[in-house]
Each structure stands twice: as C-alpha cells, then as structure tokens.
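Below is a briefing on one protein chain, grouped by topic. Please keep the sequence and the model open while reading.

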Amino acid sequence: MQNAHVRRRALPLILIGLALPGSAHAATLTLNAPGTVTYGHTASFSGAVEPAQAGVQVQISTAGPSPRLVTTATTDAAGAYTAAVVFKSPGTFVATAQVGPTTLTSGPASVALRARLTTRVRGSHMVGGRLLLTGRIQPRAAGHLMLRVEGRSRRVRIGAVGRFHITLPTTLPRRVRWTLKLTPAAGYATVRRTRLYRVSGPSLAWGSRGPAVFALERRLHQLHYALLGPNGVYGYDTYSAVMAFQKVNGLTRTGRVTPYLWSRLVRAGVPHAYIPHGTHIEVSKARQILFEVRNGKVVNVSHVSTGATGNTPVGRFHVYRLGPGTNAKGMYYSLYFLRGFAIHGYASVPPYQASHGCVRTPLWFAYAFYRRWAHIGTEIDVFA
C-alpha cells in the first residue's frame, strides 16, 4: 500500500516535467518582405519557425478580411524558409504555419510596387516636326503621370492598358530636356525618368514651305521682326524679316537661313531702341534697318535701304507731309520728314544703300506702317 501511494504521487511530477519545454519556449513564425519591388520582377519572402523545425509548411497570404493565398514554402533543418514571387501588385502579407496543434501567424509585412515605365521618342527631330513621346506604365493603376518640358508641366493621358503618347515641342533647334514623373497611388513608389532630345534646324530660303518655315516665322515674330504673319511659306515678308535679323546682328546679308542662323535665333532677344524712351521711328544707315519704338521699346523691325551716296539726312525730324498711294516716282505711301526725303515703300529694297536719299521699305510692309504712323509731327530719328 505504501509503494502504491508513492507511485500515485510521482506521476503528476513526471507530467509536469514534460510540459515545461513547451511552456518555456513558445514557437514563433516570422515573415520578411522585400520592401519595394519593380512590377513584374521576382523577389523573395523569407522567415523562420523558432524553435527550428524542419518540414513545416508555411503559407503566405494577403492580409485583410478576405485573404488570398500567394505562395507556400517549407522550412529547412534550421527552420528557415524562402519563397520567390513575381510581383504585379503591392500589398500587406502575413505568413501562417501549423506546428502540431498550434497555428502560428507572423506579423504583417508590406511590399511597395515600383511601376515599370517604358518610353520611346519617335517622329521628326526637325524644327516644326511632329515628335512624340510614347510609352507604357505598368500597371495602369500605379498613379498619374506628369510631363515637364521647357519649364511647363502637364498631365499625361494614360490609356486603358497603360499606354500613352504626347507631343514634344520642336519650336527651335536645341537640346531639350523632358522629365516624366509618376505621382504614385497608395502602395506604389515614385518613378521618374529624365532624358534629352535634340531638335535640328534645316536650311531654308525663299520658296521653302512647311512646319520649319512656320517655326522660323513664329520665332522672328516673337523677336518683333515685321512679317505678314506666320503662315509656313517663305515669301518676300519672311525674306525681309530674315534680312532684318541678319542686319541687326551683324551677319552676312543673304536672306537665307542656315544652321548657324538658327543657333543665333535661339540666343537672340528683342533689339533695343537707340533712344530708350518715347514713341518714334528710328532708322540706322549703318545697319540699314528701321525700328518702330513705342514707350522706349522696339515693337517692329524692318529691313530698309537708304541713300546710295550716303545722302539720307541724319538727325531728328518730324513728319510734315503725308503721301498716300503711289506717286509718279513709284514711292508708295510716303511719310515726308525733310523736303523730298521720305520713308516709303518701293519695289526694290536691296540689302545695301541704293535709294536716291529716301528710306525705302518693302511694299508689303509700307501700307500698314503708313497707317500706324501717318500723323503730322511723328518723330523720326535717323542715325549714321
């Protein structure tokens, strides 16, 4: 009886001894996520069961009320596991594993997605040409794209499968920098792409037509050189404006556009008046140009031809007589400022001094110029 009593008391002690390891070393499951992954790339989850136990099946699922199984892995002898996944969406994930009767769950781990951005520039790199930036953002839901070029930003319209195309400016020959930036949606990372493209300027002359001529005329108009208006046709007005630009900048007077002239057009600014105040007309015999000046600023520049012998008078004058229409000498819409000297339109306006003493302007320019300045007393300043 005494031995039986001893055996009954020893049994609980043995049971307690078997339970101690489990209570002192509770099993845990960890999950490490790759952080940020590019769309469509493969990256790995990793983690471990502790204490180490081989052959444990680990399931990795999306976190939330409706979890979705992403992948599975099996622990090795050290209790560690890895699982490679092709990522196409961001998310928060958890790992679960069954160790005996216990279900282990890891803490959440988040993965941000970097969208895949592909781009290509195609089309004409010539001034005035149609140049497109095309590409694709994957996935479409990654956010919205902004394009910044020439100091201005605009939103890029993205199609249903993430494709886009947008026109790039080709206004002048130069190197142009563009930047695409993805403003990310939740769970996505910012993506930025910056590149340069070069625009070339073709040689142009009287008779040329097309977008390059239009771009040339637009630039000349920005610099206040007189034109009938940008129309894409290299006519007499475009020739006259190019001639005036060459005269103002001390270039060879050809009336033609070369790659070098394009480079000068890019760097040029609006000419400065000789007299930086008041409203008046200025004529330079040395440069064979005419400035229309309002409030001290040059608003229009025309190429002219003065007296062949240098006899065009120099000084400050005022219009004292008006001569509308065409007279017997072929003078068209004349502003007389001293005796028979006048500013007037004429059929021939070469790039050098060729008149009898008057200031010749192109016929296409003369009528509108006359209407702007046909007032008795208009100031005319002629410089040597």
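Arg 321 lies over the face of Tyr 336, at 3.9 Å from the ring centre. A charge counts as sitting over a ring if NZ of Lys or CZ of Arg is within 6 Å of the ring centre and within 35 degrees of the ring normal. The structure is a predicted model: local features need pLDDT of at least 70, side-chain atom pairs count only at pLDDT 80 or more, and totals for chains, interfaces and linings use all residues. Residues are numbered from 1 along each chain as its sequence is written, and side-chain values use heavy atoms, with hydrogens and water left out.

**Confidence**

- The protein chain has a mean pLDDT of 93 (pLDDT is the predictor's confidence in each residue, from 0 to 100), and 93% of its residues reach 70 or more.
- Residues 1–24 have a pLDDT below 50, and this stretch makes zero contacts in the model beyond near neighbours in sequence; contact means heavy atoms within 4.5 Å.
- Where pLDDT is low, the predicted coordinates should not be read in detail.

**Rings and charges**

- Rings of Phe, Tyr and Trp (its six-membered ring) pair if their centres lie within 6.5 Å; planes under 30 degrees apart count as stacked, over 60 as edge-to-face and the rest as tilted.
- By this rule there are 15 aromatic pairs.
- One of them joins Tyr 333 and Tyr 367: the ring centres are 5.0 Å apart and the planes stand at 70 degrees, so the pair is edge-to-face.
- Tyr 333 belongs to strand β23 (residues 332–338) and Tyr 367 to helix α5 (residues 363–373), so the pair ties together parts that are 34 residues apart in sequence.
- Helices (H or I, at least four residues) and strands (E, at least two) are DSSP runs, numbered from the N terminus.
- Tyr 333 is buried at 19% relative accessibility, whereas Tyr 367 is partly exposed at 36%.
- Buried means under 20% relative accessible area, exposed over 50%, and partly exposed in between (1.4 Å probe, protein chains only).
- Ring pairs also link Tyr 332, Tyr 333, Tyr 367 and Tyr 370 into a cluster.
- The charged end of Arg 294 sits over the ring of Trp 373, at 4.3 Å from its centre.

**Ser 334 in β23**

- Ser 334 lies in strand β23 and is buried, with a relative accessible area of 1%.
- Leaving aside neighbours within four places in sequence, Ser 334 is in contact with Arg 321, Leu 322, Gly 323, Ala 342, Ile 343, His 344 and Tyr 370.
- The C-alpha atoms of Ser 334 and Ala 54 are separated by 105 Å, and the two residues are 280 residues apart along the chain.

**Strands β4 and β5**

- Two strands pair if DSSP finds at least two bridges between them.
- β4 and strand β5 (residues 69–74) pair in the antiparallel sense over five bridges, and Gln 57 stands opposite Thr 74 in β5.
- The hairpin of β4 and β5 has six residues between the strands, and Gly 64 in this hairpin takes a positive phi near 125 degrees.
- Ser 61 lies in strand β4 (residues 57–62) and is buried, with a relative accessible area of 12%.
- Beyond neighbours within four places in sequence, the contacts of Ser 61 include Pro 67, Arg 68, Thr 92 and Phe 93.

**Sheet β10-β11-β14**

- Three strands form an open sheet in the order β10-β11-β14, with antiparallel pairing.
- The edge strands are β10 (116–123) and β14 (163–168), each of which pairs on one side only.
- Strand β11 (residues 131–138) pairs with β14 in the antiparallel sense over six bridges, and Gly 135 stands opposite Phe 164 in β14.

**Backbone exceptions**

- Most residues other than glycine have a negative phi, and most peptide bonds are trans.
- Glu 50 and Pro 51 are joined by a cis peptide bond with omega about -5 degrees; Pro 51 is in the loop between β3 (42–50) and β4.
- Gln 138 and Pro 139 are joined by a cis peptide bond with omega about 0 degrees; Pro 139 is in the loop between β11 and β12 (143–149).
- Glu 150, not a glycine, has a positive phi of about 55 degrees; Glu 150 lies in the loop between β12 and β13 (152–155) and is partly exposed at 33% relative accessibility.
- Asn 295, not a glycine, has a positive phi of about 55 degrees; Asn 295 is in the loop between β19 (289–294) and β20 (297–303) and is exposed at 66% relative accessibility.
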